[in-house]
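Subject: Structure handover

Hello,

Please find the structure below. My notes on it follow.

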Amino acid sequence: TGNISTSNVKYYYGDGLAYPEYFIDDEASIYDPGQASLAITVGSMSPTTQAVGQITTAMAIAEEHQPSPFTRCGPGINKEIKPELVEYGGNYITNEDGLIKTNLGTDVVMSSHQLTPAICHNSGTSFAVPRVAHKMARILYDMQSLGFYDISASLLKALTVNSATYPPYYGNFDNFKQAMDEKKPKHWLNVVGYGIPDD
């Protein structure tokens with residue numbers, strides 16, 4: 001979907017558009033080629049609110065299992081639901097001074113491209129996409145192990161999208177849905193799509 005930068009999130013807050021209200025703004029729309037009808041578009045969810053380091057008044061913007069503050073939203077062409085899927089990609093933190101930034105604790109952990117350190121931290125929709133691609137590869141492997149070798153991209157997309165679910169009910173995700181419905185009914189579908197896929 002692309003990312004909303006920390007500076008843009010700060011501008012939204014300065015203009016009186018707090019999280020998640022700014023997802024309705026046209027400037028929060030998905031980037032090209034995210035609206036392509038044959039592609040799977042992936043947004044990001046917040047895995048945690050646990051910020052680390054020397055922070056005293058900082059707090060995570062999104063609650064756990066809510067869309068990441070930087071994820072962009074649809075709809076796609078002809079009002080298609082975009083993104084179709086979401087995965088965990090990190091969170092932003094803010095403090096009483098209005099500073100918006102990333103944090104090692106709210107980032108996602110991944111292997112590093114260097115020998116040391118072996119792991120690194122970052123956040124963004126670019127880190128949610130490989131998780132979905134991995135799940136699609138596992139679904140493809142399972143289909144092939146069952147003897148199905150002529151699997152089209154459309155079938156693989158359909159299987160992955162139909163495996164998706166939303167985070168547990170009666171929690172932070174429902175709070176997000178309710179807040180979005182108060183601003184623009186059903187727009188939450190254009191932020192989280194069909195949910196998190198399950199390989």
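Which elements do the buried residues of helix 3 pack against? They pack against strand 3 and helix 2 (129-145), where contact means heavy atoms within 4.5 Å.

Before the details, the conventions. This is a predicted model, in which local features need pLDDT of at least 70 and side-chain atom pairs count only at pLDDT 80 or more, while totals for chains, interfaces and linings use all residues. Residues are numbered from 1 along each chain as its sequence is written, and side-chain values use heavy atoms, with hydrogens and water left out.

Helix 3

Helices (H or I, at least four residues) and strands (E, at least two) are DSSP runs, numbered from the N terminus. Helix 3 covers residues 153-162, and its buried residues are Leu156, Lys157, Thr160 and Val161. Seen down the helix axis, these buried residues fall within an arc of 125°, so they line one face of helix 3; the arc is that of the directions from the helix axis to the C-beta atoms. The face turned away from the buried side carries the exposed residues Ser154 and Asn162. Buried means under 20% relative accessible area, exposed over 50%, and partly exposed in between (1.4 Å probe, protein chains only).

Salt bridges

A salt bridge is a side-chain nitrogen of Lys or Arg within 4 Å of a carboxyl oxygen of Asp or Glu. By this rule the count comes to five.

- Glu21 and Lys183 meet at 3.9 Å, N to O. Glu21 lies in the loop between helix 1 (6-14) and strand 1 (42-45) and Lys183 in helix 4 (residues 172-183), so the pair ties together parts 162 residues apart in sequence. Glu21 is partly exposed, at 26% relative accessible area, and Lys183 is partly exposed at 48%.
- Glu87 and Lys135 have their closest N and O atoms 2.4 Å apart. The pair links strand 3, which holds Glu87, to helix 2, which holds Lys135, across 48 residues. Both Glu87 and Lys135 are buried.
- Arg138 and Asp199 have their closest N and O atoms 2.9 Å apart. Arg138 is in helix 2 and Asp199 in the segment after helix 5 (189-192), so the pair ties together parts 61 residues apart in sequence.

Salt bridges that share partners also join Lys82, Glu84 and Lys157 into one network.

Arg72

Arg72 sits in the loop between strand 2 (59-60) and strand 3 (85-88). Arg72 is buried yet has no salt bridge; the nearest side chain of opposite charge is Glu27, 6.3 Å away. For charge, Lys and Arg count as positive and Asp and Glu as negative, with His and the chain ends not counted. The side chain of Arg72 does reach the backbone oxygen of Glu27, at 2.6 Å. Not counting residues up to four places away in sequence, Arg72 touches residues including Thr1, Ile4, Tyr31 and Pro83.

Aromatic pairs

Rings of Phe, Tyr and Trp (its six-membered ring) pair if their centres lie within 6.5 Å; planes under 30 degrees apart count as stacked, over 60 as edge-to-face and the rest as tilted. The whole structure has 10 aromatic pairs. Tyr19 and Phe23 form an edge-to-face pair, 5.6 Å centre to centre with 75° between the planes, and both are buried. Phe70 and Tyr92 have ring centres 5.2 Å apart and planes at 55°, so this pair is tilted. Both Phe70 and Tyr92 are buried. Tyr12, Tyr13, Tyr19, Tyr22 and Phe23 form one aromatic cluster.

Regards

Note on methods:
A polar contact is a pair of N or O atoms within 3.5 Å; within protein, one must be able to donate a hydrogen and the other to accept it, and residues adjacent in sequence count only if both atoms are side-chain atoms.
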